[in-house]
Structure formats: structure tokens, C-alpha cells
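Me: I have a structure open and would like to learn how to read its features one at a time. Could you walk me through it?

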Amino acid sequence: MNLRNINISIITLLLTLVASGATAQDMLARQAPVDRRMRSLDTLSLRTAVEREEARTPASQLYDDWNNTYAHRATELPDSFRINLQHFHMPCQSRVVTSNFGARWGRAHKGLDIKVYIGDTIRAAWSGKVRIVKYEGAGYGKYVVIRHNNGLETIYGHLSAWLVEENQTVKAGQPIGLGGNTGRSTGSHLHFETRLCGVAINPAIIFDFRNQDVVADYYMFRKATYESEGMVANELRGKVGNGGYVASDVRGETAPGGGDVARHKVLPASQMKNEAIRYHKVVAGETLYGIAKRRGLTVDELCKLNHLSKDVKVRPGQLLRYS
């Protein structure tokens, strides 16, 4: 092959490579929108799969199992967890808290008691899946447990009737039962609990029954502080005196004698206690005796204000009411 032929071959090869490069670029340009569409489809498929999984086992990232055996079983709490409170519905229309979360009659009361009448509609607080529908004669009576997609479980106790079944998916606000007086109960009311990983959290941290609202769009749960937050929440949103209300019930009638009824108005501040409620934040090494002495009251008074026994060990960061 002479030099002229070699040059022609090289030129032909270069032209072929250039043409191939242009073709490759054209192919890449045509492929790009396809790739974007595929990524979009992959994202949509993933989102659909996640939603399907949440519908099947809500909050599965927090819970190891799904069963219909136990009402609650405490497991390891996360150090912190952001709980979405949006798209909620109040469990009932009543604005009256008749019993707070905390120590009561020598035992732990793990929820709020809300005044309702027999037959009042009780609704799901958020969307989720019904885990338990059972009767417990010595405790909850007829009750329902719902696991919600935001990580919480809610318990509705002392119902007169169930309106849902186990493993049923429910929407926020959907009727799930009727108010009642079943189980260990001395009068018609709703016993309402909020739990995370089976551990009871004061519902007053989240719900303001007097104003029929949640306290915020989100609640940042912190394992180190949720108990002290619950004590403060009782003072802000729990039972008020008997309960420091002017009585008029949910049907708009004035209640004779001003007893506990389903809707109340808060008395003006001038008619409430003049003394402001104050709290002491516990630091390392402090005891009930030392705190009581510092704040000018007896250990008995301090324990009574905080529903504590004398032998309890206080923890750093805990808030204790002293006035």
C-alpha cells in the first residue's frame, strides 16, 4: 500500500470516528429524557411501596412486630423522635379532663380521662390501623388500640360499643367506638392514652382538649425530658380544679350543681389561684429533702404537689412543682 492510500485510509477512519461520536452524542441526548422518566418511575414505585408497607404495618421502623394479643408492651425508646401531629382529629368533642396522667389512688394512671356520655361518638385521632379490639373487665373495659403512621399508638378505653375490627385501616376522624362505662370505671368517660414504643406519654403534651386542638404541627419526643414535660402539661392542659370551670354540658344545657360535664368554660384568671405555679429543675446530687428545704416547704408538701412517694429518687433535669 502506497503513502496516498494510507493517507486516504486514515482520513476515512477519522471521519468514521467523528460520525460515530456524533451518533453517540445523539443517542445520549435521546436517552437522557428516558433516564429521567425511569428515575421518576423508580421514585414513584418506591413511594408507593413505602405507602403500601405503612398501610400494612404502620410505623414499622419503630416496632418489631404486629399482633393482636397485648394492649401495650414497652420496648426500647429512641433517644429522640419527631412525631407528625398534622391531619389529626380530636377523639371526642368534650373539653373536660376529669383525671390527669400520673399517680392516682396509689397506682399509675397512664392516660387522661375525658368526660363523655354513654353513646357519644369516639373517633380515631389519626389515620392508622386497628391493632386491638377487646374487652378487659378489670381494666379498660371495651377498648380499641390503633397504631398510627406517625409512630404513636392510641388507646380508647371504657367504650360501650366497638365500631371497628382488628386489622382494619381507619382514617383520622373515623368513628371507632361509643362512649361508655365498661371495665374498671366509676362513671361514663373516655380513658385516652398515647404511647410510643409501648411507653405511655401524657396526652396533654400533644392534645389540648379545652381548645380542641393539638399543641403544634410536630412534637419532638426526647427520652430525657418527656416525663418532666408531662408534669408541666398537666398544669397547662390537664384537669383544672373541679375543674375550675363554669359548667355547661356538650348539649348546651346548664348542669345543675356545676358538676363534671362534657363542656366547660375556664373561669377568669382573677377567680383562679393568685399564686403563680413555680417549678424547680433538679440538678445532679439533689434530693427531695434538700429541694423542699431550699424552697421552704416540707417533703410531704413537695411530694403531694408532684404526686410522688417519699422514697422516690429524683433525676437531673426533672421538674418539680413547689408552689
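Reply: Gladly! Let's begin with pockets: a pocket is an open set of grid points with protein on both sides within 12 Å along at least five of seven lines, and its volume is the space filled by probe spheres set on those points. Keep in mind that this is a predicted model.

Me: What volume does the second largest pocket have, and which residues lie nearest its centre?

Reply: The second largest pocket comes to about 620 Å³. Its lining is made of 26 residues, with R104, H109, H158, R184 and H191 nearest the centre.

Me: How does that lining divide by class, and which strands supply it?

Reply: There are 12 polar, 10 charged and 4 nonpolar residues in the lining. At least two lining residues come from each of β2 (97-99), β4 (107-109) and β13 (190-196).

Me: β13 is a strand, then. How should I read strand pairing?

Reply: Strands of a sheet pair through backbone hydrogen bonds, and the pairing is either parallel or antiparallel. Here, β13 runs antiparallel to β9, joined by 6 bridges. Within this pair, Y156 faces F192 in β13.

Me: Which other strand pairs with β9?

Reply: β8 (residues 141-148) does, in the antiparallel sense over 5 bridges. R147 sits opposite E153 in β9. The two strands form a hairpin with 3 residues between them, and G151 in the turn has a positive phi of about 105°.

Me: Is β9 mostly covered or exposed?

Reply: Mostly covered: 8 of its 8 residues (152-159) are buried, where buried means under 20% relative accessible area.

Me: What is the strand order in the open sheet of 3 strands, and which strands stand at its edges?

Reply: The order is β6-β12-β10, with antiparallel pairing. β6 (121-123) and β10 (161-162) are the edge strands; each has a single partner, so one side of each lacks a neighbour in the sheet. β6 and β12 (residues 175-178) pair over 3 bridges, and T121 has L178 as its bridge partner in β12.

Me: Let's finish with a loop residue. Where is N202, and is it buried or exposed?

Reply: N202 lies in the loop between β14 (199-201) and β15 (207-208). N202 is buried, at a relative accessible area of 2%.

Me: What does N202 touch?

Reply: Its side chain reaches the backbone nitrogen of A204 at 2.9 Å. Setting aside neighbours within four places in sequence, N202 is in contact with F101, L112, T194, G230, A233 and N234.

Terms used
Residues are numbered from 1 along each chain as its sequence is written. This is a predicted model: local features need pLDDT of at least 70, side-chain atom pairs count only at pLDDT 80 or more; totals for chains, interfaces and linings use all residues. Side-chain values use heavy atoms; hydrogens and water are left out. On a 1 Å grid over the protein atoms alone, a cavity is a set of points where a 1.4 Å probe fits but cannot get out, and a pocket is an open set with protein on both sides within 12 Å along at least five of seven lines; lining residues have an atom within 4 Å of a point. Helices (H or I, at least four residues) and strands (E, at least two) are DSSP runs, numbered from the N terminus. Ala, Val, Leu, Ile, Met, Phe, Trp, Tyr, Cys and Pro count as nonpolar, Asp, Glu, Lys and Arg as charged, and the others, Gly among them, as polar. Two strands pair if DSSP finds at least two bridges between them. Buried means under 20% relative accessible area, exposed over 50%, partly exposed in between (1.4 Å probe, protein chains only). A polar contact is a pair of N or O atoms within 3.5 Å; within protein, one must be able to donate a hydrogen and the other to accept it, and residues adjacent in sequence count only if both atoms are side-chain atoms. Contact means heavy atoms within 4.5 Å.
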